[in-house]
Amino acid sequence: MSIIAWIVLGIFAGAIAKAIYPGYQGGGILSTIILGIIGAFVGGTLFTLLRTGTLQITAAGTGLTLPGILVAVLGAIVAIYLWGLIRRSSNA
């Protein structure tokens, strides 16, 4: 996937995940893009693990399609949750 496609996928997935996830996440467009790209990797890896039973670090393999965006959004939600846990433990 080209860098432009990664950025577009990151915008869509990060924005949808931030809208779905309860609470305030903060950050601007750059953090949304990064969150979406990380979500694509987290979602793709979890999807591959569930489908094949092997752990492979992959992006949402279907690209800029509806299933690819859904996998990236689910991964971004997981990334938001994990980032919240990391921030809370560092503030304690």
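Tutor: In this predicted model, helices are DSSP runs of at least four residues, numbered from the N terminus.

Student: With that in hand, in which helix is the place of Thr 48?

Tutor: Helices are numbered from the N terminus, and the run that holds Thr 48 covers residues 29-52. The place of Thr 48 is therefore in helix 2.

Student: Does Thr 48 count as buried or exposed?

Tutor: The relative accessibility of Thr 48 is 7%, and the cut-off for a buried residue is under 20%. Because 7% falls under that cut-off, Thr 48 counts as buried.

Student: Which residues is Thr 48 in contact with, leaving aside its neighbours within four places in sequence?

Tutor: A contact requires heavy atoms within 4.5 Å. With the neighbours within four places in sequence set aside, the partners of Thr 48 are Gly 53, Thr 54, Gln 56 and Thr 58.

Student: How does Ile 16 count, as buried, partly exposed or exposed?

Tutor: Ile 16 has its place in helix 1, which covers residues 3-20. Its relative accessibility is 36%, and the class between buried, under 20%, and exposed, over 50%, is the one that applies. Ile 16 therefore counts as partly exposed.

Student: What radius of gyration does the protein chain have?

Tutor: The chain follows the pattern α-α-α along the sequence, with 3 helices and 0 strands. For 92 residues, a compact globule would have a radius of gyration near 12 Å, and the value for the protein chain agrees with this, at 13 Å.

Key:
Residues are numbered from 1 along each chain as its sequence is written. This is a predicted model: local features need pLDDT of at least 70, side-chain atom pairs count only at pLDDT 80 or more; totals for chains, interfaces and linings use all residues. Side-chain values use heavy atoms; hydrogens and water are left out. Helices (H or I, at least four residues) and strands (E, at least two) are DSSP runs, numbered from the N terminus. Buried means under 20% relative accessible area, exposed over 50%, partly exposed in between (1.4 Å probe, protein chains only). The radius of gyration is taken over C-alpha atoms; the globule rule is 2.2 Å times the number of residues to the power 0.38.
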